[in-house]
Amino acid sequence: MKYIDEFRQRDLAETLAAAIDREADHRRHYRIMEFCGGHTHAIFRYGVQDLMPANVRFIHGPGCPVCVLPIGRIDSAIALVEVHGVILCTYGDMLRVPASDRRSLLKVKAEGGDVRMVYSTQDALKIARDNPGRQVVFFAIGFETTTPPTAVALQQAQAEGLQNFSVFCNHVLTPAAMRAILDAPQRAGEAALAIDGFLGPSHVSTIIGSHAYAPLARRYGKPVVIAGFEPLDVMQSALMVIRQLNEGRCEVENEYSRVVTAEGNRKAQARVAEVFELRPTFEWRGLGLVADSALRIRPEYANLDAEQRFEVAAISASDVKGCECPSILRGVKRPVDCKLFGTVCSPENPMGSCMVSSEGACAAYWSYGRFRQPDDAGAVQEGVA
Amino acid sequence: MSRFPMRLDIRRGHVDMSHGSGGRAMAQLIDELFLHHLDNALLRQGNDQAAFTVSAGRMVMSTDGHVISPLFFPGGDIGSLAVHGTLNDIAMSGAKPLYLAAGFILEEGFPLADLERIVISMAAAANAAGVPVVTGDTKVVERGKGDGVFITTTGVGVVPEGLAISGDGARPGDAILISGSMGDHGVAIMSSRENLEFETRIESDSAALHTLVAAMVDAVPEIHCLRDPTRGGLATTLNELAQQSGVGMRLREATIPVRSAVQAACELLGLDPLYVANEGKLICICPAVAAERLLAVMRNHPLAAEAAIIGEVVEDAESFVQMETSFGGSRIVDWLAGEQLPRIC
């Protein structure tokens with residue numbers, strides 16, 4: 001397939017693997033966190049780890065939008081359906097995410113709740129237009145990639161005077177999450193955070209631009225390479241991180257230059273700024289409360305904010321006991337270190353968020369790599385610096 | 001002369017509750033629509049059952065409910081699918097299918113013209129396969145209690161002597177073959193359901209596979225397993241077979257045919273073609289020595305021109321299906337978990 005197969009070629013992969021093997025200093029380790037679930041998915045689906053030397057490891061980050069949404073927010077969405085009787089429109093991967101009491105939107109739907117899967121915010125607007133007698137809420141989730149379409153939908157609804165449409169906003173910000181990972185204090189019984197560099201997000205960066213990561217690279221001394229989602233992109237970007245580390249550089253480089261620019265998509269940024277403002281703090285599954293890490297709807301659009309229209313109560317629900325998602329999302333534990341992994345927690349019956357989406361670290365381990373020994377497939381190695 | 005003074009208005013009429021009441025309206029629907037198109041000697045007897053003589057030997061029986069939406073899709077409709085689905089389930093034992101039964105659940109208000117289109121398509125599929133629908137049933141449910149039409153088909157067939165084809169028959173060392181490209185049906189359905197237009201029209205592969213199977217078992221009677229990778233696709237079906245046989249499998253991704261239009265649609269929808277349904281393809285596991293001979297026979301049949309050997313059966317206490325990726329790495333090909341849901345980013 002044109003424009004896709006070019007980035008999945010085996011001979012190029014072999015050439016890159018040879019270059020990585022040649023350039024990686026065998027006396028040290030390279031621990032590279034791929035922030036995005038899209039990268040995690042590509043690494044497992046194509047078996048990229050198999051082509052890396054033993055001292056180059058991928059650490060799977062929290063960049064899976066459904067994985068980081070706290071249980072309380074899903075409970076709130078369920079309350080919108082069950083208490084307020086709204087039509088709740090949501091992206092497909094949100095349906096199976098576990099809420100409190102082993103419930104999920106899929107189960108709410110089965111019990112008669114009006115939950116509808118949509119492909120875009122435009123579908124949600126259409127449902128609102130087609131059902132003037134019903135309240136329609138769009139369950140907005142995701143990083144900077146999915147934020148502009150939500151902004152556009154809010155502006156359209158405002159312009160049309162669509163009275164029965166509102167948005168339950170859960171949009172979150174990538175650079176804030178990367179900072180939170182690097183700032184997190186070591187917890188008792190946990191390994192020290194060991195990240196030498198980052199593969200930066202691809203789709204998110206098309207919106208916010210590669211410049212957005214410059215303060216982070218400078219402040220923490222970690223190289224960031226914006227990487228495309230194809231397996232050759234991942235390998236090329238890993239090589240770029242390795243070169244920076246070998247040369248003692250900590251810069252933002254852009255491997256995904258066929259799409260991402262330094263300044264990003266200015267029009268999209270402007271739309272987002274018109275509609276959203278920073279939330280002082282927001283809870284992330286795995287990272288806890290993170291300052292300035294999420295967006296809320298501006299007062300000018302308050303009439304379209306589901307949290308105000310329906311007085312959504314802030315529900316704080318704790319994660320399942322024993323679930324290691326918090327440590328896994330910060331890259332300090334591997335899925336196989338979790339007692340629940342593969343015993344009570346599996347993709348059919350996810351306990352923690354990392355098992356829900358195919359982009360989650362646990363689901364990827366389970367679906368694509370569980371037959372391997374723990375030392376393969378991205379283990380965090382201790383005692384080697 | 002017809003038994004009914006006024007012919008059924010198929011062009012403008014709709015199914016109503018009387019069509020399932022057992023009265024004259026139902027008799028007319030059966031007469032002028034079902035019997036008219038599906039006509040054969042056994043059905044024409046008008047009994048509540050079909051009586052026929054069977055030869056000695058092992059018989060197989062299978063049933064399959066069809067609830068597809070949309071009812072009409074590129075490459076087929078619920079009528080042809082209901083015939084192919086059951087014929088294939090019968091054929092996957094190596095059997096020659098003999099007769100079909102069909103049960104219709106119709107929703108009040110369903111257009112008779114659509115029903116006729118479905119029955120004509122069903123009759124064409126049954127005729128082409130040489131397997132008549134010999135008995136049937138019609139029920140009507142109130143508006144809102146169904147989704148237009150549901151069709152359940154049941155089939156019987158007879159297994160030629162000397163065959164022992166079963167899902168638990170795979171042995172380490174066996175070769176794994178498939179009869180053609182993966183994912184066509186599921187992508188055709190999904191794109192018509194979501195109104196996605198692609199430059200290349202993707203058609204369902206819905207087809208009856210019993211003549212292909214007949215040629216295969218004739219050439220290689222020692223085939224160990226046959227199964228059609230319908231819901232859950234190739235990945236799920238191979239996992240079923242691995243589990244049933246207590247073996248593992250090793251696949252080579254590069255050998256698995258996937259049409260580029262299907263590949264592109266899957267990229268767009270965030271799906272993996274190995275998990276997408278097929279309705280006219282089969283998986284075959286046979287002793288390695290017979291694999292090349294069987295492949296040649298398959299490629300000679302119009303429904304398996306793109307047949308390929310995609311891997312082999314290995315010893316594995318945990319029954320893992322592993323795959324060498326086209327990229328040069330390796331991964332597990334696991335069961336499908338839940339429904340395949342489109343990803344958002």
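User: Let's start with chain A. How many helices and strands does the secondary structure come to?

Analyst: Chain A comes to 15 helices and eleven strands. Keep in mind that this is a predicted model.

User: OK. And what radius of gyration does chain A have, next to a compact globule with 385 residues?

Analyst: Chain A has 21 Å, and a compact globule with 385 residues would have a radius of gyration near 21 Å, so the two agree. Along its principal axes, the C-alpha trace of chain A spans about 65 × 45 × 45 Å.

User: What percentage of the residues of chain A count as buried?

Analyst: 54% of the 385 residues count as buried. As for contacts in chain A between residues at least 6 apart in sequence, 77% join residues at least 24 apart.

User: I'm looking at A:A18. Where is that, and is it buried or exposed?

Analyst: A:A18 is in helix α1 of chain A. A:A18 has 11 other C-beta atoms within 10 Å, and 12 or fewer counts as exposed, so A:A18 is exposed.

User: Switching to where the chains meet. How many residues does the contact take from each chain?

Analyst: The contact takes 33 residues from chain A and 22 residues from chain B. On the chain A side, α1 (10-23), α2 (37-46) and α15 (361-369) each supply at least two residues.

User: Which of those gives the most?

Analyst: That's α2(A), with four residues on the side of chain A that touches chain B. By class, that side of chain A has 15 nonpolar, nine polar and nine charged residues.

User: Now chain B. What does its secondary structure come to?

Analyst: Nine helices and 13 strands. The radius of gyration of chain B is 21 Å, close to the 20 Å from the globule rule for 345 residues, so chain B is as compact as a globular protein of that length. Its C-alpha atoms fill a box of roughly 70 × 55 × 35 Å along the principal axes.

User: And what percentage is buried there?

Analyst: Buried residues make up 48% of the 345 residues in chain B. For contacts in chain B with a separation of 6 or more, residues 24 or more positions apart account for 86%.

User: Which domains does the assignment give for chain B?

Analyst: The domain assignment gives domain 1 (17-159) and domain 2 (175-332). Taken over C-alpha atoms, 28 Å separate the centres of domain 1 and domain 2 of chain B. Their contact takes 20 residues from domain 1 and 23 residues from domain 2.

User: Which elements supply the domain 1 side?

Analyst: α3, β4 (96-107) and α4 of chain B each supply at least two residues. α3(B) gives the most to the side of domain 1 that touches domain 2, with eight residues. That side of domain 1 divides into eleven nonpolar, eight polar and one charged.

User: α3 and α4, then. What angle do they pack at?

Analyst: Helix α3 (residues 78-91) and helix α4 (residues 112-129) of chain B pack at an angle of about 35°, with their axes 6 Å apart. α3(B) passes α4(B) in a right-handed crossing. The contact includes B:A82, B:V83 and B:L87 of α3(B) and B:I118, B:M122 and B:A125 of α4(B). By class, this contact has ten nonpolar, four polar and no charged residues.

User: What about α5 in chain B, how many of its ten residues are buried?

Analyst: Eight of them, and helix α5 (residues 184-193) is mostly covered. Among the buried ones are B:D184, B:H185 and B:M190. The buried residues of α5(B) pack against β2 (72-73) and α8 (260-269) of chain B.

User: Last one: why does B:T237 count as buried?

Analyst: B:T237 has 25 C-beta neighbours inside 10 Å, and 20 or more is enough, so B:T237 counts as buried. B:T237 is in helix α7 (residues 233-245) of chain B. Not counting residues up to four places away in sequence, B:T237 touches B:R227, B:P229, B:G232 and B:I283.

User: And how far apart are B:T237 and B:F4?

Analyst: They are 50 Å apart in space, C-alpha to C-alpha, and 233 residues apart in sequence.

Technical notes. Residues numbered from 1 in each chain as written. Chains lettered and ligands numbered in written order. Predicted model: local features only at pLDDT ≥ 70, side-chain atom pairs only at ≥ 80, totals over all residues. Axes fitted to C-alpha atoms, helices over the stretch in contact; angles between N-to-C directions. Left-handed = near helix turned anticlockwise from the far one by under 90°. Contact = placed C-beta atoms within 7 Å. Nonpolar A, V, L, I, M, F, W, Y, C, P; charged D, E, K, R; others polar. Domains from an automatic or database assignment. Rg over C-alpha atoms; globule rule 2.2 N^0.38 Å.
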